[in-house]
Amino acid sequence: MASEGSDMGSTGEINGSGNLMDFLDEPIPDVGTYEDFHTIDWLREKSRDTDRHRKIANKSKESIWEFIKGLLDAWSGWVVMLLIGLLAGTLAGVIDLAVDWMTDLKEGVCLSAFWYSHEQCCWTSNETTFDDRDKCPQWQKWSELMVGRSEGASAYVLNYFLYVMWALTFAFLAVSLVRVFAPYACGSGIPEIKTILSGFIIRGYLGKWTLLIKTVTLVLAVSSGLSLGKEGPLVHVACCCGNLFSGLFSKYSKNEAKRREVLSAAAAAGVSVAFGAPIGGVLFSLEEVSYYFPLKTLWRSFFAALVAAFTLRSINPFGNSRLVLFYVEYHTPWYMAELFPFILLGVFGGLWGTLFVRGNIAWCHRRKTTLLGKYPVLEVIAVTAITAIVAFPNPYTRRSTSELISELFNDCGALESSQLCDYINDSNMTRPIDDIPDRPAGPGVYAALWQLALALIFKIVITIFTFGMKIPSGLFIPSMAVGAIAGRIVGIGVEQMAYHHHDWIIFKNWCRPGADCVTPGLYAMVGAAACLGGVTRMTVSLVVIMFELTGGLEYIVPLMAAAVTSKWVADAFGKEGIYESHIHLNGYPFLDVKDEFTHRTLATDVMRPRRSEPPLAVLTQDSTTVEDVETLIKDTDYNGFPVVVSKESERLIGFVQRRDLLLAIKSARQKQDGVVSSSVVYFIEDAPQSPASSPQSLKLRRILNLCPFTVTDHTPMETVVDIFRKLGLRQCLVTRSGRLLGIITKKDVLRHMAQMANQDPESIMFN
């Protein structure tokens, strides 16, 4: 690319020769940009940014004003991060408050101020007692408001009916808005963001309309009570904010590689506000979504995540001065003997992850290939109706999933009124409030266990069918709910076993009678981490997110054990997590850094053209006319063309992009008289003098890439795949002794990898 830069500087000197024109002294609008659904050229973008830096550094020595402009350019990155953090934090706070209110609206309304949620309504009441803190005269269920009764069959039926109707209304509004205004606002958004960060262009995916509609429909979808979360879509929302603000600075708006650095940092801010975990957000962006993550992006991600978390904390959506609904503090340490049930929960998480990925992908594939995909509104309405009808009778599925996780994580203190804390108390107990010994379970705990078991089966089944519908749907919260339910059930089992059999050898050393040995809430937390790890295959970022969520540093070892076990178990059945599976299902051209290529094939086996195919479409350096170029562009759909000395010698000179050729010829015809179809196109520096009678020539040396990436025909494909991954190439030319033999594109690499894995090579192409 350096040689390309130097040629650009020297073109001005040759303009005097005859009637030859090099109109490209002025930059052409849009040259170097990309079309929709194409891959960016990372090397070209990097080279352009280096040139820009060099220009700014040289100019800054000329005057104070240029020096200040250089400083402003250097600071623009931090300004963008600040703006992303502020907007992402604000939107997350608004979404949290709106979801809280609309979820409670399904059950009742606050008479003193209808915009208050149940909790806020009873905060403002002076008539609330501690035991009945959920009941206050200002908050009325729909049955109390309409028929004046809160108990009895008629009240139950009315509340049931209105719960289902509100859920259907919210879901219908969500799917209709997505369909009409922003089709890209559906789903989680993380598979597409991973693809965009790897260099693929999906125009409109991070646009203003998508941001607006995703924010509104996310509130509606979560409030409808469907088995989905807002965490994945919040990453999409934050990336839309990143795209919006990067458009304000030409440094980012005109360079796709630089824009992707901003989007990586925005993804970190998204997770930061979704979980109140700034460090976990940075690690999530690094481990899970980013393709290119230089050290500078790490610092900026950290800053964006910090600002976003600070903004959310200022809004305080949950009224508990915490960033998340399920912040907990445990008072009991864990013991070595408990590692066995923790690892078992890890195994459960891995198995659930495998079941979910396979079940969900099979259902999504069915949706794409059958009539089901043509009726997205009907599908959303049907799933919402089933969810609401089955969820209402069970108190653990009726409430919002975040509240359910919050209750499952909670430690049973003396002040808890939950059914899960209905233990039989010892009347002689005189212990501090936060150190209650293990007690025998009461009837409430056994009733809760049955309801939780039914809730677990329901969540496992319904989540498979919910994720991937045409509404915003996150996966983190439903996966955590499945794990938290399983973990709490296991935790209560271990606690009761330790209470009734404290003389057993496994409990003898650490659990004496009257001690507080087992914390069931900790098991719920470990189960949640295991299930989320099984579905997404996250490890490091997952553990950090979980301990930031719960503030429990001393529980890192159980969380690590569960996360690693769930990854091992899930990987034994298939290496792909849910996001990679959805990328392959949609056929996005994504080369995963984690995939290994171990086959012994060569570049010559993969390159085009094959023996049976027509020869490679090429341009010559000094004998092609404008008409030849236009015919070649019209007859082929290739994204670029190699330039050779002549068709006989096939010595490679460089590579020119299709889009740049089109724009250059169009611009030349508009700006210069005499450029006609028979004009010769020159890709060389010293073009010969043309006779006066011949039409004006066209010199396109400046749009030629003089150092395209080349490999020899005997290069192992293992090396080629590595080059494509690490350099982010669009294409690579294959030569032997300087002679051009063929070309390998990113799609050829993906097709070859699919073929080697015994998959249909066409199934991985974008559709």
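Helix α11 (residues 256–275) packs against helix α13 (residues 295–315) at an angle of about 35°, and their axes run 8 Å apart. The model is a predicted one, in which local features need pLDDT of at least 70 and side-chain atom pairs count only at pLDDT 80 or more, while totals for chains, interfaces and linings use all residues. Residues are numbered from 1 along each chain as its sequence is written, and side-chain values use heavy atoms, with hydrogens and water left out.

A word on terms for this helix pair. Helices (H or I, at least four residues) and strands (E, at least two) are DSSP runs, numbered from the N terminus. Axes are lines fitted to C-alpha atoms, for helices over the stretch in contact, with angles running from 0 to 180 degrees between N-to-C directions. Two packed helices are described by the angle between their axes and the distance between the axes.

The C-alpha atoms fill a box of roughly 110 × 60 × 55 Å, taken along the principal axes. Of the 767 residues, 55% count as buried (under 20% relative accessible area, with exposed over 50% and partly exposed in between, using a 1.4 Å probe and protein chains only). Among contacts with a separation of 6 or more, 74% come from residues 24 or more positions apart.

On to the cysteines. A disulfide is a covalent bond between the sulfur atoms of two cysteines; here the working cut-off is a pair of cysteine sulfur atoms within 2.5 Å. The structure holds one disulfide, and it joins C110 to C121 with an S to S distance of 2.1 Å. The pair links distant parts of the chain, with C110 in strand β1 (residues 108–110) and C121 in helix α4 (residues 118–123), eleven residues apart. The torsion about the S-S bond of C110 and C121 is about 75°, so this disulfide is right-handed. Both C110 and C121 are buried.

C239 is buried, at a relative accessible area of 1%. With 1% relative accessibility, C732 counts as buried.

A UniProt record (unreviewed entry) places the feature "domain: CBS" at residues 607–671 and 704–762; such positions are given in the numbering used here, feature names are shortened, and annotations may be inferred rather than shown by experiment. Residues 607–671 are 37% helix and 23% strand, with end C-alpha atoms 39 Å apart. For residues 704–762 the figures are 37% helix and 27% strand, with end C-alpha atoms 31 Å apart.

The peptide bond from R608 to P609 is cis, with omega near 0°, and P609 is in the loop between α25 (603–606) and β3 (619–620). E650 has a positive phi near 55° despite being a residue other than glycine. This residue, E650, falls in the loop between β5 (640–644) and β6 (652–657) and counts as partly exposed at 28% relative accessibility. R537 is not a glycine either, yet its phi is positive, about 65°. The loop that holds R537 lies between α21 (520–536) and α22 (540–550), and R537 counts as buried at 7% relative accessibility.

Helix α22 also contains I545, which is buried with a relative accessible area of 2%. Leaving aside neighbours within four places in sequence, I545 is in contact with V271, F275, A277, G280 and M538.

Key:
Contact means heavy atoms within 4.5 Å.
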